Each structure stands twice: as structure tokens, then as C-alpha cells.
Amino acid sequence: AGNAARPSGHSCGNPEISWALPDTSHISQDDLTSQVGEVLLYYCYCEVRDPEKLCAWQKALCQHLHLTGKVRIASEGINGTVGGSKVATSLYIKVMLSQPLFKNILCQEDFKSSAGGAHCFPDLRVGVFKEIVPMGIDPKIVSYKETGIHLSPQEFHREVEQYLSQATQGQSDTILLDCRNFYESKIGHFQGCLAPDIRKFSYFPSYVDENLELFKDKRVLMYCTGGIRCERGSAYLRSKAVCREVYQLKGGIHKYLEEFPDGFYRGKLFVFDDRYAICSNEDIISACRYCGVLWDQYKLCSSQHCRQLVLTCPSCCNKGLTACCLVCQEKELKVTSRASGETLKEECECTRRRPRVPIEHGSPRMLDVGK
């Protein structure tokens with residue numbers, strides 16, 4: 001950690017956005033649209049003078065390469081996850097790296113890849129937003145330029161190893177913080193982590209505010225899926241001036257698992273597409289909502305008014321237990337008997353019983369310390 005550095009932010013002089021699209025005339029349609037491909041995850045913080053123009057180019061580029069997925073653009077940068085054939089994703093990376101706006105900022109290793117393709121997303125969604133990751137705090141108030149100290153996967157691995165060694169003896173002055181949502185950490189997380197029971201990343205600032213005493217004089221090791229939530233999350237935590245130091249895993253869990261598939265991360269990695277999760281080991285650390293058998297494959301709640309994620313095993317599914325909770329299960333039966341098109345406001349037991357922002361009392365609940 002002593003050799004790590006905190007970036008001061010990127011200012012690229014607002015170069016003009018190139019409208020160049022790659023030449024695909026020499027590529028067969030089958031190669032360009034093959035179902036065997038990959039999903040790319042990336043982000044780039046930089047100053048974007050014309051987000052609408054970048055949005056139009058990005059949409060044209062993805063359509064040209066038959067990519068699906070989600071791309072968020074703002075004046076603070078771009079955040080994307082797209083799927084397509086390997087030929088298409090390779091061209092996409094090449095064009096993104098040649099875009100003047102991202103020159104000397106975005107690099108090859110910033111793209112995280114996993115097996116998949118265009119079929120992992122229902123469509124292509126490209127839009128302009130205030131933030132490229134929805135934390136709910138104005139980027140002008142808490143900027144990515146004030147982020148924590150970035151640690152490579154190797155550095156982070158050593159830090160976690162030391163932390164776990166000290167934690168088992170009750171001597172640690174460090175918090176290993178998972179800044180993802182509860183349904184993500186539920187199926188996979190680092191050993192010994194503190195995983196806030198929050199449903200959205202936009203609740204993270206309130207979680208920090210309500211638990212400031214927890215972070216006082218602590219060294220915080222933060223991580224998330226690909227690194228982007230840590231950029232703003234660490235900046236927000238640092239803005240409170242209570243931590244001794246804030247570190248974050250560069251490239252997120254994605255990059256860590258590439259180098260340490262059997263390291264300190266156990267279980268599956270949740271992803272925001274139709275796959276729901278990808279794996280690097282055979283561990284199953286979560287259970288079926290109804291019978292308690294080990295299970296970590298999410299499905300959408302069958303209740304149309306809810307559509308939250310639920311862990312329900314094949315046996316329970318066969319019994320008709322396909323909703324996220326009994327309240328939804330009963331409501332679904334009523335909904336199906338009503339006129340089509342009529343919707344109900346969400347009043348799910350899962351949501352109603354969970355505090356929007358949990359307050360950690362006493363010692364924080366650490367997951368799987370020392371296992």
C-alpha cells in the first residue's frame with residue numbers, strides 16, 4: 001500500500017469527439033453476430049464537454065457492432081457494460097482506445113471481460129445522466145478526483161491477508177468494506193468483510209453518515225464489482241474526514257479474480273445482466289429463500305408488481321414458491337385474477353422489513369472471518 005498512489009483526476013483539454021466507426025466490410029456477418037462472445041465492463045472518468053454528442057456516437061458504435069448492453073454517459077465520464085461476439089468486442093475496445101476523448105486515460109486493462117455475448121442483455125440502452133454511477137450526490141460536491149488510494153489486486157490480496165490474520169486475534173484496526181448492494185454480497189464476498197444491508201448504492205452515503213463512529217480512525221479497504229462504485233464511494237467516505245486512510249481495489253472483484261481465483265473472495269460474482277452471476281470457484285455461500293438448501297442462482301420474483309431477485313431452488317420452484325417472499329406469493333395469486341394491465345404498488349415484505357439504512361450497533365457484523 002505504501003507504493004500506491006491517489007490519482008489527481010483527469011483533464012483531457014476537452015478534445016473533439018471522433019465520429020469514426022470501424023471498418024467491418026472484411027468481417028462476415030456470422031463472426032460479427034456470433035452468440036459465442038463476451039461481456040465487457042469498463043468505466044472512464046474524464047471531463048466530457050458534450051455528453052449528448054458522445055451518447056450519439058456511442059449508440060451508433062454499438063449498433064454498428066451489434067452490441068447490446070447499458071452505457072451511461074455524463075459530464076464526468078462514461079460507464080458501460082456491453083455484450084457481443086469476440087470480434088465485435090475486440091473492435092469496440094480498439095475504437096474506444098483510439099477515441100481522442102479517452103486518450104492517455106483509458107487503457108486495455110481497464111476493460112474487464114467474462115464469457116457471454118449480446119444475448120446477456122435484452123437490448124441496447126445508451127443515455128446521458130448526471131452521474132455515471134448513481135450515488136445520488138452531485139459530482140461537483142463529491143468528485144472522483146478525491147478518490148481513495150488505488151491498490152492493485154496483488155497489493156489488495158496482501159492487505160486482506162494481513163487483515164484476516166489480525167482480525168482472528170481481535171487486533172485489527174482495519175475495515176474491509178463491501179460497497180455493493182446486499183443481494184450482491186449475499187452470493188459472494190471477501191472473507192471477513194463488512195457488507196452493508198443496503199438495497200441501492202444511492203443509500204451508501206446515508207449508511208456512511210449514520211455509521212460515522214464505525215469508521216473513526218480506521219483504515220478502510222473498499223471493493224466493488226469493477227471499481228467504479230469505489231471511486232465515488234471512497235471520495236464520499238474521505239470527505240467525512242474520520243478515517244485514518246481509505247484504500248480501494250483497482251479493477252474491482254473482476255480483476256482480483258483474474259489473478260486470485262482461489263483467493264479470499266468466496267462465492268459468485270453478481271453481474272447486472274441476464275446471467276446474474278459468474279463464478280471463479282465452486283463455493284456456494286447462500287441458501288434457498290424457502291427451504292434453506294445451498295443455492296445461489298437468482299431468478300426474478302414471479303410477482304409482476306415486485307420483480308425483486310429471489311433465491312429459490314428447483315425443488316421449491318416446482319412447489320410454486322417463485323416469489324421473493326410470502327407476501328408477494330399471496331399477492332401474485334390476487335393479481336392474476338384481476339383485469340390485465342392493472343398494477344399494484346410494491347408493498348413487499350422483503351422491502352418493508354429491511355431498514356433503508358441499517359445502523360451498525362457495537363462491533364460491525366463481519367462475514368466469515370477466518371474461514
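Here is a quick briefing on the fold, helix packing, salt bridges and surface of this chain. Keep in mind that the model is predicted. The chain carries 12 helices and 17 strands, and buried residues account for 53% of its 371 residues. If you take contacts between residues at least 6 apart in sequence, 72% of them join residues at least 24 apart.

**Helices α4 and α9**

- Helix α4 covers residues 153-167 and helix α9 covers residues 252-259; their axes come within 9 Å and cross at roughly 85 degrees.
- On the α4 side the meeting residues are Pro 153, Gln 154 and His 157, and on the α9 side they are Lys 255, Tyr 256 and Glu 259.
- Helix α9 is largely enclosed by the rest of the structure, since 6 of its 8 residues are buried.
- The buried residues of α9 are Gly 252, Ile 253, His 254, Lys 255, Tyr 256 and Leu 257.

**Salt bridges**

- Side chains of opposite charge can pair when their charged atoms come close.
- With a cut-off of 4 Å between nitrogen and oxygen, the count here comes to 16 salt bridges.
- Arg 229 pairs with Glu 184, and the closest N and O atoms are 2.8 Å apart.
- Arg 229 sits in helix α8 (residues 228-239) and Glu 184 in helix α5 (residues 182-185), so this pair ties together parts that are 45 residues apart in sequence.
- Arg 229 counts as buried at 7% relative accessibility, and Glu 184 counts as buried at 0%; the cut-off for buried is under 20%.
- Asp 273 and Arg 275 also meet in a salt bridge, at 2.8 Å from N to O, and Asp 273 and Arg 275 are buried too.
- Lys 130 and Asp 138 form a salt bridge through their side chains, at 3.4 Å from N to O.
- In that pair, Lys 130 is exposed at 57% relative accessibility, while Asp 138 is partly exposed at 24%.
- Glu 76, Glu 131 and Arg 232 are linked up in a network of salt bridges.

**Around Leu 32**

- Leu 32 belongs to helix α1, which spans residues 29-33.
- Is Leu 32 buried or exposed? At 4% relative accessibility, Leu 32 counts as buried.
- Ser 85 is 53 residues from Leu 32 in sequence, yet their C-alpha atoms are 5.9 Å apart in space.
- Setting aside neighbours within four places in sequence, Leu 32 touches Thr 24, Ile 27, His 64, Leu 65, His 66, Ser 85, Val 87 and Ala 88.

**Surface**

- The chain exposes about 17,300 Å², and carbon and sulfur atoms supply 49% of that area.
- Which residues form a nonpolar patch on the surface? They are Ile 284, Val 293 and Leu 294, and together they have about 250 Å² of accessible area.
- With a relative accessible area of 54%, Leu 294 is exposed, because the cut-off for exposed is over 50%.

Notes. Residues are numbered from 1 along each chain as its sequence is written. This is a predicted model: local features need pLDDT of at least 70, side-chain atom pairs count only at pLDDT 80 or more; totals for chains, interfaces and linings use all residues. Side-chain values use heavy atoms; hydrogens and water are left out. Patches are made of residues with over 30% relative accessible area and no salt bridge: like charges are joined within 9 Å, nonpolar side chains (Val, Leu, Ile, Met, Phe, Trp, Tyr) within 5 Å. Accessible areas come from the Shrake-Rupley method with a 1.4 Å probe; for residues, only the protein chains shown count as cover. Buried means under 20% relative accessible area, exposed over 50%, partly exposed in between (1.4 Å probe, protein chains only). Axes are lines fitted to C-alpha atoms, for helices over the stretch in contact, and angles run from 0 to 180 degrees between N-to-C directions. Helices (H or I, at least four residues) and strands (E, at least two) are DSSP runs, numbered from the N terminus. Contact means heavy atoms within 4.5 Å.
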